[in-house]
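I opened this notebook to record what I looked up in the structure. The entries follow the order in which I consulted it.

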Amino acid sequence: MFAAPELTDEQAAAAGHPDRHLLIIAGAGTGKTTTLGARLAHLVATGVAPERIVLLTFTRRAAAELVTRAEVATGQRVAASCWAGTFHSVANRFLRRYGRAVGLDPSFTVLDPGDAGDLLALLRDEQRAPDAPPRRHTRKDALAAIWSRCVNTRKPLDEVLERWYPWCRDDAEELRGVYGAYLQRKQQAMVLDYDDLLLQWWALLRSPSVGPLIAEQVGHVLVDEVQDTNPLQIDLLAEMARLGATITAVGDDAQAIYGFRAADVRGILDFPERFGADVALLTRNHRSTPEILATANGVMAEAAERHPKNLRSMRGSGRRPRLVTAHDEHAQAVAVADAVLERQEVGVDLRRQ
């Protein structure tokens, strides 16, 4: 077990887990960031070179915080060597170094989402005949969203339209032409969009010439918020594991909320079976009262599929929660705002709410 005075027994066991694939199910308020930072520190303290560790997060701030915690715990310089950052930023670094193996010039540029949408709209307009009758056309943000979902879910266009964008089904043939032109235009201009970064990284890992080099370089991959990964990101982790890296992922299936951006809760639900991973539970909640956790546990128990856990409060007893039924997100926001203002009027400072 990893010894650190500020860690609970659960956190220490997860941080010091043997060199096997591991899924850490971290309930809300149980110290997810503390545990993953301690896991990184444990690897460095036990002799794993920081340059052999890849740390994948969903924000640069999260990556910086985790690396800083590891540096404080070990007294070693980690930031300069560890491959730490978002999936897209780490993909960009790998492609700059090894991209020639998949036909990429290292000087490629990256389109931000706004520019990608503009280019798709331009190509759509270019493909329309000048004498074509006026008709409703797919908006540029929808063009970009449909393309992104095809790439990140690894689903064909027809399936994506049927499931997520049924109002665009009649435009399927036009969209096929637009996306074909989009691929060609990007290749000519030596540019990648954000989704290409992940797709090309996956191709790089499968390259017979580069895959073995990466296998020698990367020994451990740590992943934050794995419940918010999409199928392509999970496939990237699977390729890293195939090349010999040990995967440590932390997340909570009860907090999987990003389905709108192609995240798929199946990534965390199927993780133990797909990776042959051990599972560690963090259940000691340091944030909420027993009454709140009893309510949360009851709600989570109704899920058809889940990683079973029962959150336990480390705080004293408090008031019972109030159940409020809201018909939609707007009504929910109004109910919360009204409750905050009511408490402010009777003297509860906003900072305490």
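Entry 1, a strand pair. I looked up strand β2 (residues 53–57) and found it joined by four bridges to strand β6 (residues 220–223), the two running parallel. I worked from a predicted model, in which local features need pLDDT of at least 70, side-chain atom pairs count only at pLDDT 80 or more, and totals for chains, interfaces and linings use all residues. Residues are numbered from 1 along each chain as its sequence is written, and side-chain values use heavy atoms, with hydrogens and water left out. Strands (E, at least two residues) and helices (H or I, at least four) are DSSP runs numbered from the N terminus; two strands pair if DSSP finds at least two bridges between them. Across this pair, I noted Val54 opposite Val221 in β6 and Leu56 opposite Val223 in β6.

Entry 2, the other neighbour. I found that β2 also pairs with β3 in the parallel sense, over four bridges. Here Leu56 stands opposite Gly85 in β3. The chain passes from β2 through α3 to β3 in a right-handed β-α-β crossover; that is, with the strands pointing away from the viewer, the path from the first strand over the helix to the second runs clockwise.

I recorded an open sheet of six strands, in the order β3-β2-β6-β7-β1-β8, with parallel pairing. Its edge strands, β3 (83–86) and β8 (278–282), each pair on one side only.

Helix α2 (residues 32–45) lies across β1, β2, β6, β7 and β8, at about 170° to β6. Contact means heavy atoms within 4.5 Å; axes are lines fitted to C-alpha atoms, for helices over the stretch in contact, and angles run from 0 to 180 degrees between N-to-C directions.

Most residues other than glycine have a negative phi. I found a positive phi, near 60°, at Arg154, in the loop between α6 and α7. Arg154 is partly exposed, at 31% relative accessibility.

Terms used. Buried < 20%, exposed > 50% of the residue type's maximum accessible area, 1.4 Å probe, protein only.
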